[in-house]
Each structure stands twice: as structure tokens, then as C-alpha cells.
Amino acid sequence: MPRTDIIKASRRNLLKGAGAVAVGSAAFGASLAPTGVALAQGAPAAKGPKLLEMEGKAKLVVLGDKPLNAETPAEWTDDDVTPIDKFFIRNNGLVPDAPADAKAWKIKIDGEVDKPMEIALGDLMSRFPNVSYKMMLECGGNGRSFFSPEARGNQWTNGGAGCAEWTGVRLADVLKAAGVKPSAVYTGHYGADPHLSGDASKPSISRGVPIAKAMEPHTLIVFKMNGQDLPLIHGAPVRLIVPGWAGSSSTKWLTRIWVRDKVHDGPGMGGFSYRLAKTPIVPGSKGDPKDTVILEAMPVRSVISFPADGTKLAAGTKKLDLRGHAWAGENEVKSVDISIDYGVTWKPAKVDAPPNKYAWQRFSTSLDLPSAGYFEVWAKATDSKGVTQPFVAGNWNPQGYGGNPISRIRVLVAS
Ligand SMILES: Nc1nc2c(c(=O)[nH]1)N[C@H]1C(S)=C(S)[C@@H](COP(=O)(O)O)O[C@H]1N2
Ligand SMILES: [Mo]
């Protein structure tokens, strides 16, 4: 009943200043300085959004063109399995050409293994058991835009994450077939995407994971996404999915897994890349790469998928149905609490069990709205270790990892 219209509810439309119905973009924008009281999570109003125009993809919010990075608006995270067209895109280099013969695509396994091998994708698919799981892929920089002062990199809100159904073979099965030596410590992953400079000898990025994570039964070499052949932009014909961890080790266009006797040192492993401050540093300070540690599992996070930020509700509305998703890296989400009074009081939402480990979890509730007027709805997820989302992005670091403040939307009940 009560939900009349969405006042150009999406952040994109708010930013465009389109449709100043009842509550205009200016009214919202002005109250949302990072240090202000109202902390609802709109993107900075100064930067107009650019929307993705790509065949097979929805109009995602483009954060950068070269390399291409685009995020999923919160109101498009309502599906239990993120459709391919709504799934975020994160590239560090250029997109390689589609292979003429996907089954002939070769993957090399070498380094600390008894039997180094080069296996064609077609053989890999038939030789090892195929498994499917619904699992999160989340960019290490998801939430970066919530840091103050601004941290370097793509200004993701909460849209650098999605939960797709991935089909592939277990990396563990392939590594076991190659015979992992006791000296194995870490993996180093390589993809076929050319470096931005066009220099094909330079990997655009090459990250890896500790051997234990590589052997975890949900870490997959994947060739299908939501039951379809992997799309080129998501790594066709074959990629890694290292669920729950920073997405950067989920190498697209996979060509090689180098099993190493030490922590991998490819591009994206050093400096401040995908690293957190070992001890807290002064926000905005230069920092020292020596005082950082590798970002591994992603922290607990929630996103409100319904209603959209900026929704205007009809006069007399007393109830608001709210939905969203929450996830927590290696851990399960145990609770999600909702506040409509800036964190003074909290009400637990219903949280569904995940279909399998590493899938996001649905939360839902019905809220009582005490009056007409402006409300912020805040959602705070807590994981199985008791770790909860902070009110603000803390533990500032130069490239902005680990920003997971409670999620927020704004609604206006007409009077
Ligand atoms: N070869 C290759 N693999 C890559 C990347 C890349 O730039 N090149 N980006 C990584 C990063 S940082 C992320 S978050 C995910 C994004 O995957 P998606 O574009 O399918 O959403 O892919 C990872 N795999
Ligand atoms: Mo990423």
C-alpha cells in the first residue's frame, strides 16, 4: 500500500538532480557532508555518475573507464543470486580478446609441485568433479568511499560485491593431481589481460593466497556463472573464485598458478595494495608499507536492498518492509540489527541461513514508523565471531581497505 513513488530514489538519480519531488537532491546532498550528523550513504554529490553502456550488462555506476570499474547500486542487490547483468566489474588492466576455442585454453600449474602440468580447459572440466556454489565475490576496496579523508582508488560504496552461482572444479583437486610439495607456502595467479600500458609481458595484477586457502574446498577454478558460460568481462573462459577474500586473488582469464615456497610477490602484493595497517595510523598520513599486512578475508558488511535510498512514502505510512543482504568473509552472519533513531535503539531483523558457506544472507524486517518526516534506516550486521560493523570506516589506510560501516538509507514519509 503506502509506497507511492521512489523519488528518483537511486543514488544515480539523486546525483543527477533529477526529479526534485518533495525531497530534492540538493536537500539530501547538503546534509550529507562526511562529518555531518546525517550519515546516509549517498555518493559525493559533486561527482556526477556515469552509467555503464555494455552489451549484456545493466547500467552500473562507472567508477573508472580505464581500467573499467563499475559498481552495483544498493537497490540492485535484492536478488539472492546476483544476475550477471547486475554484477560489478573490476579490472586492473585491459580486457583480453575472447578465445576462439575456449576448451583449448591452457592453464599451467608449476612451481612447488611434483608434476608440473599444462591442462586444457576442456580436459580440466572432464577430469575433475564439477561443483556449484553460491559465493560472494567482493572487491578488496569495497566501502572505500566511506573513508575520511578520502583514500586512493576507486570510490566503491557497497556495490563492489555480488553473490553469483559459480560452477567449476576445486583448485585443491587440481593441485593434488599436480602433487603439492611440502615446500609449498603460497600461490601466485596469472591472467591473460594485458597491462594498461599495452605491454603484454607485464601482468596487470598477480596476486595469490596461502596454500591452505588454495586447498579450501570452496576455492574453485570456474567456467560457469549462474549456469552460463563465464562472460568475457568476468574472466572467460576460466577464472579463479577465492570466496570471502579480497576479490583481487580471484584471477580472471586464468593462465597460470605458480605454487611458491614463499609469499607471492607479483604486482598487487606489495606497497599499500590490498594491505591493512598493522597498527592504526593517523588518517591521511603517508604510512609505511613496512607497517602493513596482507588483506585476506573481507570484513562483515550489510547492504539494504529495499527500499531504495531516497524513497518517499505516502502520508500515513506506519510500516516499512525492509530487506537486504549481509555477509562476513570467512564467517557466517549471526544477526542484523536495524535502527531508525541514529543508533539509539536497535531492533533485530530476521536473518536467513546461507545456502552454502560464502553465500550472502538475506535479512528482512518490518519497521514501525512513528510519524511523518525524514528517517534514516541503519543496518548493522554481526558475524559468528561477534564482530560487528562500526559506525564509521575505521582503521584508515592509504588505499582504503576494510571500510565496512553500518549501511544506511534515507526515507521520507510525506505529511
Ligand atoms: N586477470 C585479472 N583478474 C582479476 C582482476 C584483474 O584486473 N585481472 N581484477 C581482480 C579484482 S581486484 C576483483 S575485485 C575481481 C572482480 O571480478 P569481476 O570483474 O568479475 O567482478 O577480479 C579480480 N581478478
Ligand atoms: Mo578488487
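Reader: What makes up the shell around ligand 1 by class: how many nonpolar, polar and charged residues does it have?

Author: The shell has eight nonpolar, nine polar and four charged residues. Ala, Val, Leu, Ile, Met, Phe, Trp, Tyr, Cys and Pro count as nonpolar, Asp, Glu, Lys and Arg as charged, and the others, Gly among them, as polar. This is a predicted model: local features need pLDDT of at least 70 and side-chain atom pairs count only at pLDDT 80 or more, while totals for chains, interfaces and linings use all residues; side-chain values use heavy atoms, with hydrogens and water left out. Residues are numbered from 1 along each chain as its sequence is written, chains are lettered from A and ligands are numbered from 1 in the order in which they are written.

Reader: Which residues are the closest to ligand 1, and how many surround it?

Author: F88, N92, D193, R239 and K252 are the closest of the 21 residues that surround ligand 1. A residue is counted if one of its heavy atoms lies within 4 Å of the ligand.

Reader: What is the space taken by ligand 1?

Author: That space is the largest cavity. The term cavity means a set of points, on a 1 Å grid over the protein atoms alone, where a 1.4 Å probe fits but cannot get out.

Reader: How do you know that β6 pairs with β7, and in which sense do they run?

Author: Two strands pair if DSSP finds at least two bridges between them. Four bridges join β6 (residues 106-111) to β7 (residues 117-120), so they pair, and they run antiparallel. K106 has A120 in β7 as its bridge partner. The two strands form a hairpin with five residues between them. β6 is also joined by four bridges to β14 (residues 254-260), in the parallel sense, and K108 stands opposite R256 in β14.

Reader: Why are β2 and β5 at the edges?

Author: Four strands form an open antiparallel sheet in the order β2-β3-β4-β5. β2 (50-51) and β5 (89-90) each have a single partner strand, so one side of each is left without a neighbour in the sheet. β2 is a strand because a DSSP run of E needs at least two residues. Two bridges join β2 to β3 (residues 61-64), with L51 opposite V61.

Reader: What is the omega of the peptide bond from S148 to P149?

Author: Omega is near 0°, and the bond is cis. P149 lies in the loop between β8 (130-138) and β9 (161-170). The bond from A236 to P237 is cis too, with omega near 5°.

How values were computed
1 Å grid on protein atoms, 1.4 Å probe; cavity = no way out; pocket = protein on both sides within 12 Å on 5 of 7 lines; lining within 4 Å. Sits in = over half its atoms within 2 Å of the grid points.
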